Amino acid sequence: MRKKIMILSVAIVFVFTVPALAVPTFQVYSEGATAGDFGPDQDTWLTTANPADITVAGTFSAKTLSLTDVTLLLSVPDSTTGTISVTGLNGAPNPSFLGMFTTVAAFEPAGANFNSHYPMQDDISDFYLYDIGEFFPVEPISDYNADTGIILPPNPNMLGELKEYRIGFEGFETLHIDMFGLVSTETGPNIRTAWKLNPGSHDTTVVPAPGAVMLATIGICWLRKRHRSQYP
């Protein structure tokens, strides 16, 4: 009996001392999307909906002061033509279109380094940018993690803001959605500002029908891969 009490005590201490899992500063998710790989675009949320309803999240850490100049970044196949529409949903205003760019250097802010993020590379994509403004710490935010395919419940210790948009397009075979913004943090007596991009596992790729069959195959392969890794 004494041994069981000791084990229970250790378990209770462990639960209350493990820090809360961090939520990325920026995330892009589409309700009902499937986590998986689309060619070289790995660990992304895949959806066949066009238009696609997108949730973007900006999250504050304990030292975050502000999230400003937040921008939607839409990547389409290089040297292709088409049209894109972005409309605000559930109270989010329509974003301001900032322009189309053929290279990362043409829009990348000074001090940022975005072109290691696939498919944000000059010979792979062209880029459409939309200003979606400032984010505020108004509600708990979930971790929309396409690496695991698991969406954790909103973390009460990680506050931020969710904004929703409907993105439709014609002429492009695929569309990849990222977001970035200027993050101000308190570091001792100083305030530090830096540009941040969502992680590669927290973005969304839209592959509209007839790509649905391909996407379903990808999703099944991904689930089988995860199943084998969990139950060898």
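This is a predicted model: local features need pLDDT of at least 70, side-chain atom pairs count only at pLDDT 80 or more; totals for chains, interfaces and linings use all residues.
Biologist: Which residue does Arg 166 meet in a salt bridge?

Modeller: The general idea first: side chains of opposite charge can pair when their charged atoms come close. Here the partner of Arg 166 is Asp 53, with 2.6 Å from N to O. Asp 53 is partly exposed as well, at 34% relative accessible area.

Biologist: Where in the chain do the two partners sit?

Modeller: Asp 53 belongs to strand β4 (residues 52–59) and Arg 166 to strand β12 (residues 155–170). The two are 113 residues apart, so the pair links distant parts of the chain.

Biologist: Let's turn to the nonpolar side. Which residues have the most contacts inside the largest nonpolar core?

Modeller: That core has 27 residues, and those with the most contacts inside it include Val 56, Leu 72, Ile 84 and Leu 175. Strands β4 and β12 each supply at least two of the core's residues, as do β1, β5, β6, β8 and β13. The largest share, five residues, is from β5.

Biologist: What does Leu 175 touch?

Modeller: Leaving aside residues up to four places away in sequence, its contacts include Leu 74, Ile 84, Phe 169 and Val 206.

Biologist: And which residues does the second core include?

Modeller: Phe 107, Phe 114, Met 120 and Phe 127 are among its 10 residues, and this core is separate.

Conventions. Residues are numbered from 1 along each chain as its sequence is written. Side-chain values use heavy atoms; hydrogens and water are left out. A salt bridge is a side-chain nitrogen of Lys or Arg within 4 Å of a carboxyl oxygen of Asp or Glu. Helices (H or I, at least four residues) and strands (E, at least two) are DSSP runs, numbered from the N terminus. Buried means under 20% relative accessible area, exposed over 50%, partly exposed in between (1.4 Å probe, protein chains only). A nonpolar core is a set of buried Ala, Val, Leu, Ile, Met, Phe, Trp, Tyr and Cys residues joined through side-chain atoms within 4.5 Å. Contact means heavy atoms within 4.5 Å.
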